[in-house]
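Please look over the sequence and the model shown here before reading on. The paragraphs that follow lead from a local detail of one chain to the way the two chains meet.

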Protein chains: 2
Amino acid sequence: MEEEVATAIGTPNIALVKYWGRRDSALNLPTNSSISMTMDETLCTKTSVAFSKNLPEDIFYLNGEIQDFRHGTEKTMKVKRALDEMRKFAGIRAKAMIVSKNFFPTGGGIASSASGGATLTFALSKALGLNLKAKELSIVARQVSGSASRSVLGGIVKWNRGKKRDGSDSYAEQVFDKSYWPDLIDIVCMISGEKKKVSSSEGHDLAPTSILYKARIPYAEKAVERAITAIRQRDLNALAEIVMRDSNNMHATMLDSWPPIIYMTDLGKEIMAKIHELNAAEGEMVAGYTHDAGPNTQIITIKSNRNKVMSALKEVKGIKDIITVNQGDGPRLLSARDSLITPDLVPKG
Amino acid sequence: MEEEVATAIGTPNIALVKYWGRRDSALNLPTNSSISMTMDETLCTKTSVAFSKNLPEDIFYLNGEIQDFRHGTEKTMKVKRALDEMRKFAGIRAKAMIVSKNFFPTGGGIASSASGGATLTFALSKALGLNLKAKELSIVARQVSGSASRSVLGGIVKWNRGKKRDGSDSYAEQVFDKSYWPDLIDIVCMISGEKKKVSSSEGHDLAPTSILYKARIPYAEKAVERAITAIRQRDLNALAEIVMRDSNNMHATMLDSWPPIIYMTDLGKEIMAKIHELNAAEGEMVAGYTHDAGPNTQIITIKSNRNKVMSALKEVKGIKDIITVNQGDGPRLLSARDSLITPDLVPKG
C-alpha cells in the first residue's frame, strides 16, 4: 500500500455547561454555546488512518468491529462526512482505512464520541499533511459529534453556538490553557459501562419537545459566560454551583421531553446528595457533580479537595471505578509503531 | 365532658395536573390551578373531633402520637389555623381534641396531608354544627394543606388558583361527579412508605429557584383545561398523555430547583418505561403514570385496561403493594361508635 498515514491520540472532554439540542441535526449546530475541560490521556481514543489508492472503498473499524458505511447508522454517516470534508481540503479521492479504539467504555456517558470525533479529525488532517487551524479542525470534528468540536483543543474550551446556517461560525476556541488553573481536576465515577438506550443524537432531536427547554437556552448561554468568569478568577465555589445547576437543568429538560429521557440513576443521585452534604459541611462548594447524557457522575474539583471527595464517595456503595483526570492538551500524533492498522485488517488486492 | 363531637372519614386525591409552588406560603395560595380525582375509601383518613369547655388546651393526636401545638412544626401550625378559623365561624372559644389516623403510609407520596386536611376540616365543621358550603370547607382545608382543598369534594375536582391576596377566590369546585366517568380508576404502586426527606411544603418554597419553573406555570394552567376537555369526552388517550407529561414536567422543575429535589426512584422510572411500552404496544395511551411529591407511582387508567396494566406491572420487581382505587365522594360522617377518642386520651381534670 502506497499510503498517507497517521496515528493520533485524543481525549474526551467534560462539559461544564452542556450542549443539548440542535438547530441543525445534519451539521450538529447547537442551540446554545457550551464550555468544557479537555481531559488528559487517562481516558483516550487512538485512531490510525491510512489513505491509499489501492483501497476499493472506505473501511472503518471501531473497537475491533467493522462499521458499515453503505448501510450505516447516523454515526457512521457522520464519520463518512468528516472523511469527505478532509478529502475536499486535500483535493484527493483516495479511499481510507480508519481504525479507532476507545480506551474506556463506549456509549456509557463518557464522551466517547467527542474523543473519537476529535481524534479522527486530527488523524485525517495529519495523514493528508494538511496544516489546518484549530477552527477548521473543530468545524469538521463538530460534524462527527457536536462535543467533538471541543476536544480538538486542550484546557478550557468554549464552543460558540454560531448563527450562520452553514455552521462556519460554530466552532470551539480555547479560553484557558491547562496551565492557567492546573489544579482543576475531574473525578470520573463509573456507574455503568452499558450502552445507553437513548443515544445523545436521538436525545438532541427530542429536546424541543420539552416545554421547559425554551427557558434553558438563554440560561445556558449566560452560564457559559459565568463559568468563564469563575475559571478566570479560579473560583471553585462559583464554578461548582454553575456546573451542578447546569447539569440538573439539562437533565430536567430531558425528563420533560416527550417521550421522557432519563439517564441518571439512583446511584448518581446518591453521589449528588453526598456532594451536597460535603459542600454543606465545608461551608462552601468544594466540588460540583455533573452528568452527561449517561449514568456516570463526574466531579469537578481541585487537587487539594480530592481526598475529601474520595472520602465522601467511599460512603456510596456500587460505584464500579473512580478515575481522576487532569486537564489535557487535545489530540497529538503518535509514532508509526503505535499504528492500529495491522496487516490482517488490510483487504487483499 | 360536655361535648360537640364528630367523627369523619375522608380520602386522598390524585392530582392529574399538579399543584407545585405557591404565591403565598402561609395561606397555601398556589401559582397554578390544578385538577384531581378524589379517591374512594380504600385509602382513607379517619378523624374525630371534640370541642369541650373542660379542655385546658387544644390536643392533637396524629397516627397515635401527640403533636405539639406550642412548639409545633409548620404542619401543626396549619392545623391550629384551621381550628381557629372554625371556631371563628362558630363563634366559640372552647378547646378541641383532635384524633386523626391515616389508613395508609404517611408522608410517602400518597397525599396523606390532603386526606388529613380535608377530613379534619369536615369533622370540625360537623362537630360545631356548621352547615358550610363546599367553597368554605375548601378554603379552610386549603390552609391546612394545599391539596386538601380538593379532597373536600368527590369525583373530578378543580382547584382554581384565584388571584386575591386573601385567598377568598382560591378554592376547589367539583367539575364532574364520580358517576360521569365511573370507569376511570387509579392504580397505586407503593414503592416506599418511608417519610420523604424534603417535605412538600419545603419543596413548594424551593419551586421559584428553578430556572425552568416560570415556563411550567402557563403550561400547567392550560393543562388543567385540557384535562377537563379530555374527561368531558371520556378520552383516556388524551388524558393519559396530559397526566404523564404534567407529572414529568413538575419533577423536572424539582430537579432544576436549588438545591435539587428528587422524589422519583429507579423503580418509578422502570414503571414509567413499562407504561410507555404498554402504550406503544397498544397503539394508543391505555394508561398514564403520575408521581406526586414522593416515590410512589400511580397509574390512571380505566377498568377495562386494568388487567393489561397489572400484567405490565408484574414484570417490575420490587413494588411493595398495588392498590386499585375508584373515584370517591369526599368526606362523610361516621357514627359515634367509630370515634377515635378513647378515654385514655382525654386529660383528667
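Which residue is the bridge partner of Leu62(A) in E8(A)? This is a predicted model, and in it the partner of Leu62(A) is Glu65(A). The pairing to which these residues belong is antiparallel and runs over three bridges between E7(A) and strand E8, residues 65–67 of chain A. Together E7(A) and E8(A) make a hairpin that has two residues between its strands, and in the turn Asn63(A) adopts a positive phi of about 50°.

Strand E7 of chain A, residues 59–62, also pairs with strand E9 of chain A, residues 95–102, here in the parallel sense and over four bridges. Within this pairing, Phe60(A) is the residue that stands opposite Ile98(A) of E9(A).

Some backbone angles deserve a second look. Most residues other than glycine have a negative phi, and most peptide bonds are trans. A cis peptide bond leads from Trp258(A) to Pro259(A), with omega near -5°, and Pro259(A) is placed in the loop between helix H7 (236–255) and helix H8 (266–282) of chain A. In chain B, the bond joining Trp258(B) and Pro259(B) is likewise cis, with omega about -5°, and Pro259(B) is found in the loop between H7 and H8 of that chain.

Charged pairs come next. Over all chains the count is 34 salt bridges. One of them joins Arg22(B) and Glu74(B), whose closest N and O atoms are 3.9 Å apart. This pair links distant parts of the chain, since Arg22(B) belongs to strand E3 (residues 22–24) of chain B and Glu74(B) to helix H1 (residues 74–90) of chain B, and 52 residues separate them.

The contact itself takes 31 residues from chain B and 31 residues from chain A. The size of an interface is often given as the accessible area lost when the parts come together. For chain B and chain A the buried area is about 2,400 Å², with 69% of it on carbon and sulfur atoms. Leu212(B), Arg245(B) and Trp258(B) supply 29% of the area that chain B buries against chain A, which is more than any other three residues. Between the two chains there are zero salt bridges, whereas nine residue pairs are in polar contact.

The elements of chain B that give two or more residues to the side touching chain A are helix H6 (213–232), helix H7 (236–255) and helix H8 (266–282). Of these, H7(B) gives the most, with nine residues. Sorted by class, this side of chain B holds 15 nonpolar, nine polar and seven charged residues.

Definitions and conventions:
Residues are numbered from 1 along each chain as its sequence is written. Chains are lettered from A and ligands numbered from 1 in the order in which they are written. This is a predicted model: local features need pLDDT of at least 70, side-chain atom pairs count only at pLDDT 80 or more; totals for chains, interfaces and linings use all residues. Side-chain values use heavy atoms; hydrogens and water are left out. Contact means heavy atoms within 4.5 Å. Buried area is the accessible area (1.4 Å probe) that two parts lose on being put together, summed over both. A salt bridge is a side-chain nitrogen of Lys or Arg within 4 Å of a carboxyl oxygen of Asp or Glu. A polar contact is a pair of N or O atoms within 3.5 Å; within protein, one must be able to donate a hydrogen and the other to accept it, and residues adjacent in sequence count only if both atoms are side-chain atoms. Ala, Val, Leu, Ile, Met, Phe, Trp, Tyr, Cys and Pro count as nonpolar, Asp, Glu, Lys and Arg as charged, and the others, Gly among them, as polar. Two strands pair if DSSP finds at least two bridges between them.
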